[in-house]
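Please have a look at the sequence and structure first.

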Amino acid sequence: MNRKEILRSLKFLLFSISAGVIELAAFSLLNELTAWSYWPCYLIALALSVLWNFTLNRRYTFQSANNVPKAMALVFAFYCVFTPLSTWLGHYLADVLGWNEYLVTVINMVLNFALEFLYDRFVVFRDSLDTNSVAKKAEEKGESY
């Protein structure tokens, strides 16, 4: 793995941590302030985190000039699979088996982090890495990450 990809991975990690903070904060508020079961709290928190993470990672991690609707549609496709599976897993672990809701949310977040990085890197932004204005400015200055 070259330096550029290591730095790309670290950026994804940092932005994912910030998205995780958003997800945990939203989940905590909904979980503590409503009488809702696990899944609606998780789904709302996940949606907020995905929007934040997509926006930052598209611009700064993958530096993609890719068509935004197309990239969003591909990310949406990922979440059409991930969300039902992780919601079912979370419901089963938290509501059926009685696991701690926060532990279950963290497990889902770790799964989301690993799977989404791979999907974004090799599917969503595969052909448009380092094509936006941020990447071009860095290239003009002779910087490569």
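Predicted model: local features only at pLDDT ≥ 70, side-chain atom pairs only at ≥ 80, totals over all residues.

Opposite charges on side chains can pair once the charged atoms come close. In this model, five salt bridges are counted, and a network of them links K4, E5, R8, R121 and D130.

**R8 and E5, within a helix**
- R8 pairs with E5 in a salt bridge, with 3.2 Å between the closest N and O atoms.
- The two residues sit about one helical turn apart, because they are three residues from each other in helix α1, which covers residues 3-33.
- Both R8 and E5 are buried.

**R8 and D130, across the sequence**
- R8 also forms a salt bridge with D130, where the closest N and O atoms are 3.0 Å apart.
- R8 belongs to helix α1 while D130 lies in the loop between α4 (101-124) and α5 (133-140), so this pair ties together parts that are 122 residues apart in sequence.
- R8 has a relative accessible area of 1%; it counts as buried because that value is under the 20% cut-off.

**R126 and D127**
- Another salt bridge joins the side chains of R126 and D127, with an N to O distance of 3.5 Å.
- D127 has 68% relative accessibility and is therefore exposed, as the cut-off for exposed is over 50%.

**To take away**

How values were computed
Residues numbered from 1 in each chain as written. Heavy atoms only, no water. Salt bridge = Lys/Arg side-chain N within 4 Å of Asp/Glu carboxyl O. Helix = DSSP H or I, 4+ residues; strand = E, 2+ residues; numbered from the N terminus. Buried < 20%, exposed > 50% of the residue type's maximum accessible area, 1.4 Å probe, protein only.
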